[in-house]
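Colleague: Could you take a close look at one part of this model for me, the aromatic pairs, and tell me how the rings sit?

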Amino acid sequence: MGQQAWMYLDLNDGKGWRPLNDRSRDVAALDSLSIQWGTDSGFEQPDPAVLSFRLYDAGGALAGKAALLAGAKVCVTISTDPMYFELRDDARAYRDMGDITLRDLHNQVHYAPPEHTTFTQFTIFNGIVTTGGTIKHRHGAWVIELSASGISILWKRLQSQGPTSSDKRLDGYHWTGTPSSRLAEMNRRAAAVGAPQAVADGLTFPPSLAPYSDDYPSQLDLLHRMFAYSGRAPLWFETYELTRTTLSYVMAGDPAERMLDTSMRLHVGSGDIEHEALPGDKVETGDPIEFTLPEPYTHVVVHGKGVSLDKDGGFEFTDTETAQGDRDLLPAGLDATQRSASVTTDAIVSPVGVSPYDPWQPSAAQRKQVAQLLLTIDTRIRPRSIVFDSRQLEPFTYPWLYRAQPAMMLAFVHTVADGLPDMDGRPAIEGAWSMIGGTLTYDWHNGDPRFRHEVTLWPHSHANAGSPTYADMAAVTAIYEQVPDYLTISDLQTINRIMED
């Protein structure tokens with residue numbers, strides 16, 4: 001018996017979370033669900049995830065209560081290793097448990113509700129019922145089909161006038177103030193409606209942000225536009241801890257390191273996040289396997305704001321843009337396509353500002369990083385379809401593959417495309433990827449629970465941080481017979497460092 005999905009429902013009636021996996025109850029979840037989440041491009045902010053699920057309502061306790069279902073909270077989790085205290089009847093002696101195998105303990109476990117201190121699962125979705133569904137009468141009972149959106153949908157619904165200024169030069173404008181004060185105000189408003197907090201630790205605020213006059217964008221748009229200026233391509237996603245959700249970011253434009261552990265196994269990562277490379281023969285890529293040739297980008301255009309003073313001395317804000325190109329890293333023939341990726345920001349990106357609206361302009365290092373990203377996007381082939389299946393890669397071992405949120409970073413070894421070289425002679429599929437979107441489904445197959453995650457991958461450039469020297473190899477404990485067969489001498493030039501135990 002593999003790991004199962006567990007669903008809980010809170011109707012906001014003061015009774016807390018109701019477990020929906022027990023078929024003996026009047027209301028229970030049926031055996032399948034799906035979650036669509038994320039984006040197809042690292043330059044586009046995704047919408048909140050959407051869960052589709054069905055409830056079995058034996059006595060009609062919920063089927064006629066549309067107003068009660070609207071806004072109900074939904075939490076979906078995956079079971080982890082079962083603990084002895086979670087057995088439904090932990091007073092039984094082993095001899096009384098029949099022929100239950102250890103692999104079947106999942107079916108004997110009674111998990112505590114997700115707000116409980118003994119909660120031992122990990123959350124893959126936390127949201128609210130937001131859209132209308134259908135109610136069907138079948139075999140004397142009711143089947144309710146529903147959709148729920150991630151809790152960050154509340155950030156999209158927060159769409160009203162922002163703070164104003166007493167400065168006469170800003171008459172008629174709202175969402176005035178500094179970037180940090182804008183984020184603080186958005187988090188204050190989010191807290192007031194029970195929406196998650198946006199955590200921007202580690203991000204660099206732009207020097208200034210243009211206010212709005214006639215537009216009233218959602219707070220989710222405001223959040224993305226605040227930091228979209230830099231070329232690091234921050235994307236905001238929900239992350240979960242039990243039933244608590246946080247709006248966190250990933251940097252789709254950041255480079256990744258390639259590392260070896262002391263056993264000479266390949267890892268990829270950025271900052272404090274790293275994962276061991278996945279075995280390509282455990283990943284589904286279709287039959288026959290198809291790879292897509294990327295449609296090349298030659299520029300990233302940052303659509304931002306310019307600022308000036310009008311004839312009466314008031315501030316005037318206009319649309320402007322700044323472009324960052326490939327810095328001659330791409331073949332000359334691609335320049336004819338002139339296809340650009342676009343991002344929108346409220347930052348002042350004009351060459352000259354008017355105090356206190358100081359402008360941002362990309363540094364040489366930032367331009368180089370964007371150029372490396374464009375080169376990577378244009379030269380990295382990718383599978384047309386890629387699926388992680390819990391029967392091949394278990395959630396026990398790879399939990400980051402079965403959440404409706406990004407997984408950074410990923411790499412693959414033992415793939416059929418290892419022998420296809422790119423312009424530099426390296427395998428054209430080699431390198432780091434992020435999982436930035438997908439469809440996560442759960443059902444039962446031949447009596448066993450199954451998760452399948454068809455995902456969208458986004459490539460990351462290789463961090464140019466040098467290669468390890470022979471002296472750095474002193475930490476390696478593996479003997480030659482233990483070195484993975486996918487690692488060659490030439491691969492060492494792509495390794496940034498040796499990891500320490």
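Modeller: Here is a walk through the ring pairs.
This is a predicted model, where local features need pLDDT of at least 70, side-chain atom pairs count only at pLDDT 80 or more, and totals for chains, interfaces and linings use all residues. Residues are numbered from 1 along each chain as its sequence is written, and side-chain values use heavy atoms, with hydrogens and water left out.

Okay, rings! A pair of aromatic rings is described by the distance of the centres and the angle of the planes. Searching the whole structure turns up 14 aromatic pairs (rings of Phe, Tyr and Trp, its six-membered ring, with centres within 6.5 Å; planes under 30 degrees apart are stacked, over 60 edge-to-face, the rest tilted). One of them joins phenylalanine 43 and tryptophan 458, edge-to-face, with 5.5 Å centre to centre and 90° between the planes. Phenylalanine 43 is in the loop between strand 3 and strand 4 (50–57), while tryptophan 458 is in strand 24 (residues 448–460), so this pair ties together parts 415 residues apart in sequence (strands are DSSP runs of E, at least two residues, numbered from the N terminus). Phenylalanine 43 is buried at 7% relative accessible area, and tryptophan 458 is buried too, at 4% (buried means under 20% relative accessible area, with a 1.4 Å probe and protein chains only).

Next up, phenylalanine 227 and tryptophan 236 make a tilted pair, 6.0 Å centre to centre with 40° between the planes. Both of these residues, phenylalanine 227 and tryptophan 236, are buried. Finally, Tyr173, Phe315, Phe317 and Tyr357 gather in one aromatic cluster.

Note on methods: Helices (H or I, at least four residues) and strands (E, at least two) are DSSP runs, numbered from the N terminus. Buried means under 20% relative accessible area, exposed over 50%, partly exposed in between (1.4 Å probe, protein chains only).
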